[in-house]
Amino acid sequence: MRLRFSPAVRTALEDGLPVVALESTIVAHGFPRPYNLEVGRALEATVEREGATPATIAIVDGEVHVGLGDDEMERLALDEDFAKASIPDLSVVVGMRQSAATTVASTAYIAHAAGIRVFATGGIGGVHRGAGRTLDISADLAVLGRVPIAVVSAGAKAILDLGLTLEVLETQGVPVVGFGCDTFPAFYTRGSEHALVARVDDVDDLARVVSAQWELGQQQAVLVCNPVPEADALASDEVEGWIRTALAEAAAGGIRGKAMTPFLLHQLYGLSGGRTLKTNRALAEHNAALGAALARTLIRQAAA
Ligand code: PSU
Ligand code: MN
């Protein structure tokens, strides 16, 4: 794959320094404009502050960019023509020389091809509620099953069916590791009723688990679950009420397929009076920080 590295990311990778991949769908479709530009920059600044080089990934005019310049970040956030590109969209976007933001699935795929070992996001996509009927299951899950990269997330969005999402992750063979938590975090809230099999309590242990995954020659990602900070978490019954309303609005509006996640996030933002936005940003920054710490620790442990 032809990749366009930013100078900073190229240098960091050549010098064996810690790099953290960041996705771009969260910027282009996860937050309203122009606040999303601030979020995109803040995520990069967080990775830098924690001692790693951020590599935001996006397709710009048909080219696969690993690390964006200032004006590319601005286009990603503010241009309306940045589509949402998951795995099935990539070849069309590249072949037709279009621009698009990458999801967890496509970002993980590109980041791994670029030689990046840690990727921080907000929440992964998963099995949608009612998937028994719609079969709406994010390509994120299949990619986590075939791309060996550490993905730091706040779990999966509560708009999904979290129990079924965990089942598919297990089928795909993806280790799901709680970072200081015993249940699958539900994005806006710190936990859920779904127990996790594995828990670690510090970054050194987390890095050991991630290294072991690779030493074993496993092809899957390691999904790291980093719950939203206490101070930014929302109350689960309140969130559940908004989600039910948003899902009813999606059904009434005939929203389907790849439009579903951005639509629901947007409705939740309105229904919560903007509170989901603050929480979403806080958890994404929290994940970026842990991603940087993990990337640094992996390099330190390998040198020891
Ligand atoms: N989490 C967020 N905001 C987002 C997404 C996740 O807080 O915008 C995006 C991610 O890019 C994820 C995608 O990969 O939604 C999943 O979409 P789908 O269900 O269509 O695969
Ligand atoms: Mn879908």
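Predicted model: local features only at pLDDT ≥ 70, side-chain atom pairs only at ≥ 80, totals over all residues.
I started with the largest pocket, which holds about 480 Å³ of space. I found 31 residues lining the pocket, with Lys-84, Thr-103, Ser-138, Asp-140 and Thr-261 nearest its centre. Three helices, α2 (25–28), α8 (139–144) and α12 (260–271), each give two or more residues to that lining. The top contributor is α12, with 3 residues. I sorted the lining by class and got 15 polar, 9 nonpolar and 7 charged residues.

**Ligand.** Next I checked where ligand 1 is, and it sits in the largest pocket. I counted 18 residues around ligand 1, and the closest are Glu-23, Lys-84, Val-104, Ser-138 and Asp-140. Both α2 and α12 supply at least two residues of this shell. By class, the shell has 9 polar, 5 charged and 4 nonpolar residues.

Then I went through polar contacts from side chains. Asp-140 has a side-chain N or O atom 2.7 Å from an oxygen of ligand 1. For Thr-261, I noted a polar side-chain atom 3.2 Å from a ligand 1 oxygen. Lys-157 places a polar side-chain atom 3.3 Å from a nitrogen of ligand 1. I also looked up burial: ligand 1 alone exposes 470 Å², and the protein buries 96% of that.

**Cavity.** The largest cavity has a volume of about 40 Å³. I listed its lining as Leu-22, Glu-23, Ile-26, Leu-43, Ala-120, Thr-121, Gly-122, Ala-284 and Ala-288. That makes 6 nonpolar, 2 polar and 1 charged.

Technical notes:
Residues numbered from 1 in each chain as written. Chains lettered and ligands numbered in written order. Heavy atoms only, no water. 1 Å grid on protein atoms, 1.4 Å probe; cavity = no way out; pocket = protein on both sides within 12 Å on 5 of 7 lines; lining within 4 Å. Points joined across faces, edges and corners; volume = space filled by probe spheres on them. Helix = DSSP H or I, 4+ residues; strand = E, 2+ residues; numbered from the N terminus. Nonpolar A, V, L, I, M, F, W, Y, C, P; charged D, E, K, R; others polar. Near = heavy atom within 4 Å. Polar contact = N/O pair within 3.5 Å; in protein donor to acceptor, adjacent residues only side chain to side chain. Areas by Shrake-Rupley, 256 points an atom, 1.4 Å probe, with all protein chains shown as cover. Sits in = over half its atoms within 2 Å of the grid points.
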